[in-house]
Amino acid sequence: ASGILNRFTGGLKGVENIYTQHDTQLATTLDMLAKGKMKEASFPFLERPFKDRPQDVFVFMVGGVTYEEAKTVSEFNEANPAMRVTIGGSCVHNFKTFCKEVQTAVSSRGRAASGRARK
């Protein structure tokens, strides 16, 4: 039984907070931007090829930004002093506002699906 427990908890050694050990999509995108490896299929509006690494990057999240994304930008700025990333959004979500957004999206999607079924 202890072998099974070690298998599940062995990967947690040295992890400060298990709830923040994953990388956000924003972290992945900023990392690709810093390395000049943005995929043209995902970002067709970027000029190709990059002549220089961008110095100032502005990220705006329509629908709201989370504290985790703000933390991601702060950590990125610390690790990449040659780039300055600024993040903003239509609001800053907390648990309640995020759940409300999800509920609104789900209920509007349900109404749209039921409207298609009636036609």
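Helices (H or I, at least four residues) and strands (E, at least two) are DSSP runs, numbered from the N terminus.

## Basis of the model

This is a predicted model, in which local features need pLDDT of at least 70 and side-chain atom pairs count only at pLDDT 80 or more, while totals for chains, interfaces and linings use all residues. Residues are numbered from 1 along each chain as its sequence is written, and side-chain values use heavy atoms, with hydrogens and water left out.

## Overall architecture

The protein contains four helices and four strands. Along the sequence they follow the pattern α-α-β-β-α-β-β-α. Of the contacts with a separation of 6 or more, 66% are between residues 24 or more positions apart; contact means heavy atoms within 4.5 Å.

Of the 119 residues, 18% are buried. Buried stands for under 20% relative accessible area, exposed for over 50%, and partly exposed for values in between (1.4 Å probe, protein chains only). Accessible areas come from the Shrake-Rupley method with a 1.4 Å probe; for residues, only the protein chains shown count as cover.

## Helix H2

Helix H2 spans residues 25-35, and its buried residues are Leu26, Thr29, Leu30, Met32, Leu33 and Ala34. The cover over these buried residues includes strand E1 (56-61), H3 and E3. After H2 comes Gly36, which has a positive phi near 70°.

H2 also holds a charged pair. Lys35 and Asp31 form a salt bridge at 3.2 Å, N to O, where a salt bridge is a side-chain nitrogen of Lys or Arg within 4 Å of a carboxyl oxygen of Asp or Glu. The two residues are four apart in helix H2, about one turn of the helix. Lys35 is exposed at 54% relative accessibility, whereas Asp31 is partly exposed at 35%.

## Other salt bridges

The structure has three salt bridges. One of them joins Arg84 and Asp56, with the closest N and O atoms 2.7 Å apart. Arg84 belongs to strand E3 and Asp56 to strand E1, so this pair ties together parts 28 residues apart in sequence. Arg84 is partly exposed at 45% relative accessibility, and Asp56 is partly exposed at 42%.

Lys71 and Glu75 form another salt bridge, their closest N and O atoms being 2.8 Å apart. Both residues lie in helix H3, four residues apart, which corresponds to about one helical turn. Lys71 is partly exposed, with a relative accessible area of 41%, and Glu75 is partly exposed at 44% relative accessibility.

## Glu69, a buried charge

Glu69 lies in helix H3 (residues 67-79). Glu69 is buried but has no salt bridge, and the nearest side chain of opposite charge is Lys71, 13 Å away. For charge, Lys and Arg count as positive and Asp and Glu as negative, while His and the chain ends are not counted. Apart from neighbours within four places in sequence, Glu69 contacts Leu26, Met61, Gly64 and Ile87. Leu26 is among the buried residues of H2.

## Cysteines

There are zero disulfides in the structure, a disulfide being a pair of cysteine sulfur atoms within 2.5 Å. Cys91 is partly exposed at 28% relative accessibility, and Cys99 is partly exposed at 33%.

Cys91 sits in the loop between strand E3 (84-89) and strand E4 (92-93). Leaving out residues up to four places away in sequence, Cys91 touches Gly63, Gly64 and Val65. The C-alpha atoms of Cys91 and Gly64 are 4.5 Å apart in space, although the two residues are 27 apart in sequence. Gly64 is also in contact with Glu69.

## Nonpolar surface patch

Phe98, Val102 and Val106 make up a nonpolar patch on the surface, with about 270 Å² of accessible area together. Patches consist of residues with over 30% relative accessible area and no salt bridge; like charges are joined within 9 Å, and nonpolar side chains (Val, Leu, Ile, Met, Phe, Trp, Tyr) within 5 Å. Val102 lies in helix H4 (residues 95-118). Val102 is partly exposed, at a relative accessible area of 38%.
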